[in-house]
Amino acid sequence: MTRRSGVAAGVLVAAALGFETWLLVGRRSGEPSYQPAAAVIVPSLEAAGPDAAITQTFVPGADGLGAVSFVPLLGGGRPRTPIDLRLDVDGSDVPMATRRLRPDELVDGVPFWWEVPRIERAAARMFTLRIAVPEAVAGQGLRVATGPPDYRWGDLRVGPRGQWGDLVFATRATQVHVLDTLRTLRRQVPWPLRTDGALVIGLLVLNAAAAIVIGHLAGAVRGGSDARR
């Protein structure tokens with residue numbers, strides 16, 4: 001390999017390692033959220049009574065779902081009775097999590113983060129966040145922030161009726177990087193092989209091998225061109 005080929009191979013390895021590092025630890029994905037501009041946020045219909053709960057479906061793209069948020073809007077008054085939260089997932093008759101909130105736990109316009117027991121297998125499953133004030137009468141319930149129907153993977157409902165728009169919400173997950181997923185998959189591998197150091201060494205070896213192969217192929221092509229001349 002000539003000096004020029006060696007430099008080209010080194011640049012190729014460095015570029016590949018940079019991209020792979022970004023893919024493993026820099027790129028975040030799998031945490032669905034809907035955060036529209038403040039100018040288009042409006043209050044939802046009121047959650048008041050057992051048959052008027054607010055529900056929003058959403059689909060995580062990563063495992064390890066650990067929290068979900070919504071934004072209470074209390075300009076019309078604070079609920080006088082407890083707020084019930086429930087997180088369901090398609091295919092299960094048992095809620096994944098439930099919580100009863102006191103009205104004074106909510107702050108007007110500030111996202112309320114609900115920490116739930118971590119759901120390891122959450123990716124690509126349809127979840128439903130339910131917000132209800134079952135003991136409230138009309139005028140004493142809860143309204144939350146909603147925006148235009150721009151969240152394409154879920155639907156907003158109040159009671160049995162579908163609504164125009166989507167809930168302003170966000171989620172947090174523990175496996176939002178490729179590296180997080182690889183760590184989970186490597187749990188059954190012997191200790192030296194499941195470390196991040198072993199992963200880095202493996203990537204270096206693979207990239208060096210790829211660079212050598214590409215360098216030899218480029219040299220062979222160049223040699224063939226010189227021979228034909």
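In strand β14, F169 is the bridge partner of Y34, and β1 and β14, which run antiparallel, are joined by two bridges; strands here are DSSP runs of E of at least two residues, helices are runs of H or I of at least four residues, and both are numbered from the N terminus. The model is a predicted one, in which local features need pLDDT of at least 70 and side-chain atom pairs count only at pLDDT 80 or more, whereas totals for chains, interfaces and linings use all residues. Residues are numbered from 1 along each chain as its sequence is written, and side-chain values use heavy atoms, with hydrogens and water left out.

The pairing of β1 with β14 belongs to an open sheet of four strands, arranged antiparallel in the order β1-β14-β4-β8, where two strands are taken to pair if DSSP finds at least two bridges between them. Because β1 (33-34) and β8 (112-119) each have a single partner strand and stand at the edges, one side of each is left without a neighbour in the sheet. The chain as a whole contains three helices and 14 strands.

Five aromatic pairs were counted, a pair being two rings of Phe, Tyr or Trp (for Trp, its six-membered ring) whose centres lie within 6.5 Å, with planes under 30 degrees apart classed as stacked, over 60 as edge-to-face and the rest as tilted. One of these is the edge-to-face pair of Y151 and W153, with 5.8 Å centre to centre and 65 degrees between the planes. Y151 also forms an edge-to-face pair with F169, at 5.2 Å centre to centre and 85 degrees between the planes. Since Y151 lies in the loop between β10 (143-147) and β11 (156-158) and F169 in strand β14 (residues 169-173), this pair ties together parts that are 18 residues apart in sequence. Y151, W153 and F169, together with F58 and F127, form one aromatic cluster.

Relative accessible area, computed with a 1.4 Å probe and protein chains only, defines residues as buried under 20%, exposed over 50% and partly exposed in between. F169 counts as buried because its relative accessibility is 1%, and Y151 is likewise buried at 5%, whereas W153, at 49%, counts as partly exposed. Of the 229 residues in the chain, 37% are buried.

A further ring interaction involves R172, whose charged end sits over the ring of W113 at 4.2 Å from its centre; this term requires NZ of Lys or CZ of Arg to be within 6 Å of the ring centre and within 35 degrees of the ring normal.
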